[in-house]
Amino acid sequence: MSKFYFIIFAFLLVTFKAVSQDTLNLVQPSNLQAFLQDNIVQLSWQAPVDTTTSNDTIPPGLSGYRIYCNNVLIGNTAHPTLTFFDTNPDSAVSFYKVTALYDLAFYGFPGDTAESMPSNLAYAVTGFTYILPFNEEFTTGLFQTNEWITESNNWIIHGQMGNPAPCAGFQYVPIITNYSSSLISPWIDASGLIDGQLFIEFDLRKDVNIHSMTEHLFVDVFDGFHWSTVLYFTNDESADWVHQKRIIKDVMGQPFKIRFRAEGENSTNIVSWYIDNIEVKRECQAPINLVGSFPWPATQGCVVLLEWESPEGQNFIEDWLEWDAGYNSDAIGLTNGGTFFVSVRFTQAQLSQYYDTYLTKIKFFPVVAGGEITLKVWTGINAANIERSQVIDSYIPGEWNEVTLNNPFYISGNDQLWFGYQITHASGQYIAGVDDGPAVAGYGDLISLDGITWESMSQAYNLDNNWNLAGFVSDEEVIKKTKNSKSLVQYNIFRDNEFLATTSETEYYDDINLFYHLVCYNVTAVYNDCESDFSNTSCPYGCHVGGVDDNEVGNIDIYPNPASSLITVALTGDINQLIFTDMTGRKVKQLTITPGTTTIPIDVSEFAEGMYVVRFITKTGESGARKLLIDR
């Protein structure tokens, strides 16, 4: 196998000293808590501990702590003080984090200090917030009514537009270029909520002038320190009102904000983004795929078997992000040994289908032994922000090594994603595996000699290869959080909208003699602090005890079902009457059927939404029934 190498010329050498918590593994504080009393916030936390020692000692060099509120440094304490009082919180909601400060003389850098990664977040609500569900239809004509903030005059309330009017909108005038302008909500408070999921819903219309694909509308969520994108639109084409719904993750149990962010090159490319009927709410997932059947012959009695699927773990994404060909062809290293960085990059647009997932694993191909490798995750232009750093204690040379991240990285879609590793090796070692190309320049072949300046190998060194790197993205981490923190307690079973029973299983037997009576079932999921909506409806039909089979005397079929305005009833046998009743037994419609009729159209547009029983009666007085669901 041939070995590529880099010759680093003297004029490229830069002497510098980079000290960070990533390279020194400076442990952060933990268990930060905030308590509010008389408008004073008391913070307390636990000191960092060195878990590599047998008795969890305090790490060497720990000198104190820095306290941040809403990303602003507000104070310092000396170790071992583990409390701080914020006597003047300046926001309706104050988010806090604490970092540990270390004297690096203990690490071979006398005179230097460094700061750890931050603790967990803690917050205190010191002013007015909106509780869920939060609704906004802009009917007052003022953004200020519900405390919305606009960042430019392009955001207005349209009195003549809406679904129905009025609505909010970002319009192209005054004309702005290379812009970013947001409509920002007030604080919305999900404090105290444990179970379920948060959703944002709204109606969107876009009027496009030029299909430039350069103008975008982002829907973002603020967790107290960072904005994360949950939805993304572009000026590809005009579209009338479309209802949008998306899950909001990682802010359950705390205050948060939402914003609509218009960005682009020239506002004249988009006439307007129109937004209406905003709703932010909590939903608890319902069971799915409820099916009712008759497991035994009718001669043994009418027993309905209900079966359904758990709401947990539904429809999650999992995929590998990679630019290489999936196999190793060669290796790259520095001629005289040393340290360099390798990475692959994915843009916001390339990540659009992976918003709201987590990067949970990275796999790489080290060709030979002897290297020191630290996995890295970055975000931003030129990998400006280091997000994860994980030392690899050992690896297996000559094959793919798959490593699970200790702290999965949430892909918000709000920035570029970079992942790879830092490698240090001796002279003559060529460890970093590559494929045989062609290189995806600027995406699959990025290299840095200092972790700051990045280059494409193919463009800078004429090396037509991609790194053997792949990242696994999945909603699995979200599912784990759902299972761990959103406890599913039981299921409630309903027959004809009346509570029937409770079970912890995903099946239930209902021992009921149906005869010619038709019943419908639903199931809900019950959590610690909420109950879901109904599952789908199942109306098993066909079990009769001691009666005449419908097919001998008559039968009907209804379609479409569910219906909204018009149904067709197909008739079999000598049926002369149809009677429609709601679930309370109230008659809402009755029809006399002309002999010989096989199909009949029926207008049900005046029926309210819900379940109805359609009973048919034959000339001989026999009867049967079907269920009809009106759903609009």
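Modeller: What follows goes from the whole chain to the core, and then to charged pairs, rings and a surface patch.

This is a predicted model, in which local features need pLDDT of at least 70 and side-chain atom pairs count only at pLDDT 80 or more, while totals for chains, interfaces and linings use all residues. Residues are numbered from 1 along each chain as its sequence is written, and side-chain values use heavy atoms, with hydrogens and water left out.

The protein chain has 4 helices and 47 strands, which are DSSP runs numbered from the N terminus (helices H or I with at least four residues, strands E with at least two). Of its 632 residues, 49% count as buried; buried means under 20% relative accessible area, exposed means over 50%, and partly exposed lies in between, with a 1.4 Å probe and protein chains only.

The largest nonpolar core has 36 residues, and those with the most contacts inside it are Phe202, Phe256, Ile258 and Phe260. Such a core is a set of buried Ala, Val, Leu, Ile, Met, Phe, Trp, Tyr and Cys residues joined through side-chain atoms within 4.5 Å. Among the strands that each supply at least two residues of this core are strand 17 (197-208), strand 18 (216-222), strand 21 (255-266) and strand 22 (270-283). Leaving aside neighbours within four places in sequence, phenylalanine 202 is in contact with residues including Val219, Leu231, Phe233, Phe260 and Ile275, where contact means heavy atoms within 4.5 Å. Apart from this core lies another, of 35 residues, among them Phe364, Phe409, Tyr421 and Ala432.

Charged side chains come next. The side chains of arginine 261 and aspartate 220 meet in a salt bridge at 2.6 Å, N to O, a salt bridge being a side-chain nitrogen of Lys or Arg within 4 Å of a carboxyl oxygen of Asp or Glu. Because arginine 261 lies in strand 21 and aspartate 220 in strand 18, the pair ties together parts that are 41 residues apart in sequence. Both arginine 261 and aspartate 220 are buried, the arginine with a relative accessible area of 5%. Arginine 261 also forms a salt bridge with glutamate 263, the closest N and O atoms being 2.7 Å apart, and glutamate 263 is partly exposed, with a relative accessible area of 23%. Salt bridges that share partners join Glu201, Lys245, Lys281 and Glu283 into one network.

Strand 18 also takes part in a ring pair. Tryptophan 187 and phenylalanine 222 form a tilted aromatic pair, 6.0 Å centre to centre with 45° between the planes; rings of Phe, Tyr and Trp (its six-membered ring) pair if their centres lie within 6.5 Å, and planes under 30 degrees apart count as stacked, over 60 as edge-to-face and the rest as tilted. Tryptophan 187 is in the loop between strand 15 and strand 16 (188-189), and phenylalanine 222 is in strand 18, 35 residues apart. Tryptophan 187 is buried at 8%, and phenylalanine 222 is buried at 16%. Ring pairs link Phe95, Tyr123, Trp187, Phe222, Phe225 and Trp227 into a cluster.

On the surface, isoleucine 175 is found in the loop between strand 14 and strand 15, and with 53% relative accessibility it counts as exposed.
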